[in-house]
Amino acid sequence: MDIISLTALELREKVKNKEISAREVVSAHLDRIKEKESKINAFITVTEEEALRAADRVDEKIRSGEELGLLAGIPVAIKDNISTKGVRTTCASKMLENYIPPFEATVIEKIKKEDGIIIGKTNMDEFALGSSTETSYFGATRNPNDTERVPGGSSGGSAAAVAAKEAPLALGTDTGGSIRQPAAFCGVVGIKPTYGLVSRYGVVPMANSLDQVGPFGRNVKDAALLLQAVAGHDERDSTSMELDIPDYINSLTDNIKGMKAAIPKEYLELEIDSNIKDSFLNTVNILKDLGVEIEEISLPNIKHGLPDYYIISTSELSTNMSRYDGLRYGYRAKNYNDIDDLFIKSRTEAFGKEVKRRIMLGTYSLSKGQADEYYKKALKVRTLIKNDFDKAFQKYDIILGPTTPNLPFKVGEITDPVTMYKSDLFTVAVNLAGICALSMPCGAANGLPIGLQIIGDRFKEINILKAAYALEKSLGGVM
Amino acid sequence: MAYKTLIGLEIHVELSTKTKMFCSCANEFGKDANTQCCPVCLGLPGALPVVNKSALEYAIRAGLAFNCNIATHSMMDRKNYFYPDLVKGFQITQADVPLCSGGYIEVDSKNGPKKVGLIRIHIEEDTGKSIHTEKGDSLLDYNRSGVPLIEIVTKPDMNSKEEAQDFLEKLKSTLQYIEVSDCKMEEGSLRCDVNLNVIDEERGLKSNITEIKNLNSFSAVGKAIEYEVKRHIALLEEGKNTTRETRRWNEVENKTVVMRTKEVAADYRYNTEPDIAPIVIEESWIEEIRNNLPELPHHKKMRFIKEYGIPEYDAGVLTQSKDLSLFFEETVKFAKDPKQVSNWIMGEVLYRLNEEGIEIKDLKFSSKDLADLLKLINEGKISNNIGKKVLKDMFETGKKPDDIVKEKGLIQISDEGELKDIVNKVLDENQKSVTDYKNGKDKALGFIVGQVMKATKGKANPQLVNKLVLEALKER
């Protein structure tokens, strides 16, 4: 049996039916990791022993006839900015190279409660700052479709692990596109849930008001399954919402006739790779054939999204990063004269270039005399962007666009930060508005995958999942 | 020259909630270092703060007791700076919109009662504590990290050290009354910084404001104000001025010394705390808290004067602390004369409390016991002086006054026959004093009475002894 090619849902059924054991599932994926890692480098830490032990516990449950959770026996790869108790959580930074959290993120607790198996911690841009997974202290991750190229970022390790069949499911975090862009680059499904749907407790923050944890899968249903497992209110996160989570998987049908979709004309006016534009327009036609009513609309403030995002995210980031001072945990400089010197040297020696750049950007935006012009103004622009989407969602169920303006680029190809920042052109506005979106494969060019972004209103994940599922079926299932 | 002093205070008060501001760690003073900590109050990556509702309630209670407006919508902000005792590199506090604003506290001034205005009361978290060893090491204890605080900022409405000290007394007793804080300066649960300058309105002169920190008692506040006022005036007199700076009170040398100048204003880069949802307070909750506020010291003082007929001074002393006022009221319930109760509490009881450095709640005896003691005195069973000795015993052993009197045989001797014999014996032994008295030396009478009391070990009824001695002297 080709275990690693099975979907997460198939794995769960076969484990439940005792066709295969959870240990066999985990072992097959561990073998795959051993085979692929030298080329892909998707993982920072592989938790082989813990995973096998967890698999044995699931097998024991099956033997004793206990009820099984949603993720029974399914390996899940975890982005390395999500705290795992007793397993180092590095954020791909020298600063946290040896940091072992004494507590578990809520999403990890939930996965374990649902009998999912944590198979390892995945590579990322350092502290989630980047769009290529090249800024990791542990080396770049490679795109499984073409190892010369980047997998996108910052959740590049999670996307690559799923694409390379090292794990059927993975968790990432998305602050400005960090799940959707790597999903598009690697040719998998990635969901950025509505702000407040998934607990952020234990997730090392990049920009707290924008961050959200979300799933990767090789198809829509698998991704929906992991979303189902991690969504829900958490009293330890006061920004998580109290609401009933719908049954995502059983609401998926291939009938989406009459669904109303909008295409923001601003998206098509931006600089886009022609392959991506063609693929996008082609997909729009397929959706029309499925009975989706599609109209062009204007989201006038979306053009301010990128600068707005970079001001707000770096401002929040700059204060989040202050706790890494070398005193209580993390990297500490060896030689220092006094306490200030200890702070300065530890941070200088352990943070990468991009981290320092963004700390400086954010510090500037928040500083006296600048805050009104930058941070506070950015908060107002954010409201305008949010209002644009709110207005659109009064009439439409979903908004469509490409996920990325460009195809996966080569490792080392982009050195200019602003060019790199433009990778998030289509994704950042969703985080600013706090709404949900997913990216799914909708075509390919030169063997490189292309992603479609489907955006939904706050807590209307069901709409984007339905549209994605129907489209996926129509496109012929797993790409 | 007619200089006027302007004093404003910034007071930090630790709230006595069971748990910390943003996590469920115990809020307790004096535990072993770093034993009251969790990922949240240690600021570990990914841990999130959740506002403690009772900290909000305590802060609102304080706001209402001090006549403030309560904001129905506020938020928490990050105040950014680096310091070893600050676990996140920022303190969670309130910048633009404080929970409480406006309000006042009435203090006594030379010209009668006066309102000292409050600018704001906001909520925030405390930092950890640095401990510097003799060897030169710095140790860090994060038990205090995340303890809920309110910061109270006054207008510069106080004009003397007396007003500032009275303000602090009123503030402290009110906060204790409403059970928001124990306000122990020595444990750091009340900390006060002074902002001060002097002006000479006639000549249009004014000194630059200085801030004084490290004030460990109300008396230190008074001394520091006195010192600074003199320093400010002296500089103005010399045609100079003070520097805008923060100074530290040096308790040993009784002077203030420069800590840091304020020429470069610190930039704390305040930004909204994105991990905490906006704080929305329902009007109905504010009303509920208002309705549940206990009687405040000022109101209680007025009631004591009216209800018990005791002087304003007595009422003021007795209502300074909630425990003391309760002890007084309970004692009065069992005793007849409120003024007598007041005298004993303000005199002997407070004296012994201060002497032993303990609080009313640490007493080994009850208010009923004190009332019983007064009853023994009022019934003439023991004298006032013996009463004081019995009270001392009650402080030490917690025994009932009746038992002490019985055990030690302290019952007053009021038997005339028995006393007459003793008086005659004393007169026989002190012929010289008898002669002195006869020769018009009145002092000798006191000596003889004293000798009789001594012979009875103080148990004789003093009035009776006086009468018997006079009678016996007449007969000689």
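Modeller: Before anything else, please keep in mind that this is a predicted model. As for chain B, buried residues make up 40% of its 476 residues.

Colleague: OK, and how many helices and strands does chain B have?
Modeller: The secondary structure of chain B comes to 15 helices and 18 strands.

Colleague: What about its overall dimensions, what does the C-alpha trace of chain B span?
Modeller: Along the principal axes the trace of chain B covers about 95 × 55 × 55 Å. Its radius of gyration is 30 Å, whereas a compact globule of 476 residues would have one near 23 Å.

Colleague: And the contacts in chain B, what share joins residues at least 24 apart?
Modeller: Counting contacts between residues at least 6 apart in sequence, 68% in chain B join residues at least 24 apart.

Colleague: Switching topic, which residues are buried in H15(B)?
Modeller: Val465(B), Leu468(B) and Val469(B) are buried in that helix. Seen down the axis of H15(B), the buried residues fall within an arc of 105 degrees, so they line one face of the helix.

Colleague: What do those buried residues of H15(B) pack against?
Modeller: They pack against two helices of chain B, H12 (416-429) and H14 (443-455).

Colleague: And which exposed residues sit on the face turned away from the buried side of H15(B)?
Modeller: That face of H15(B) carries Gln463(B), Glu471(B) and Lys474(B), which are exposed.

Colleague: Last one, how does the span of helix H15 of chain B fit its 14 residues?
Modeller: At 1.5 Å a residue, residues 462-475 should span 20 Å, and because the end C-alpha atoms of H15 are 20 Å apart, the two values agree.

Notes. Residues are numbered from 1 along each chain as its sequence is written. Chains are lettered from A and ligands numbered from 1 in the order in which they are written. This is a predicted model: local features need pLDDT of at least 70, side-chain atom pairs count only at pLDDT 80 or more; totals for chains, interfaces and linings use all residues. Helices (H or I, at least four residues) and strands (E, at least two) are DSSP runs, numbered from the N terminus. The radius of gyration is taken over C-alpha atoms; the globule rule is 2.2 Å times the number of residues to the power 0.38. A residue is buried if 20 or more other C-beta atoms lie within 10 Å of its own, exposed if 12 or fewer, and partly exposed in between; C-beta atoms are placed from the backbone. Two residues are in contact if their C-beta atoms, placed from the backbone, lie within 7 Å. The expected span of a helix is 1.5 Å times one less than its number of residues. The arc is that of the directions from the helix axis to the C-beta atoms.
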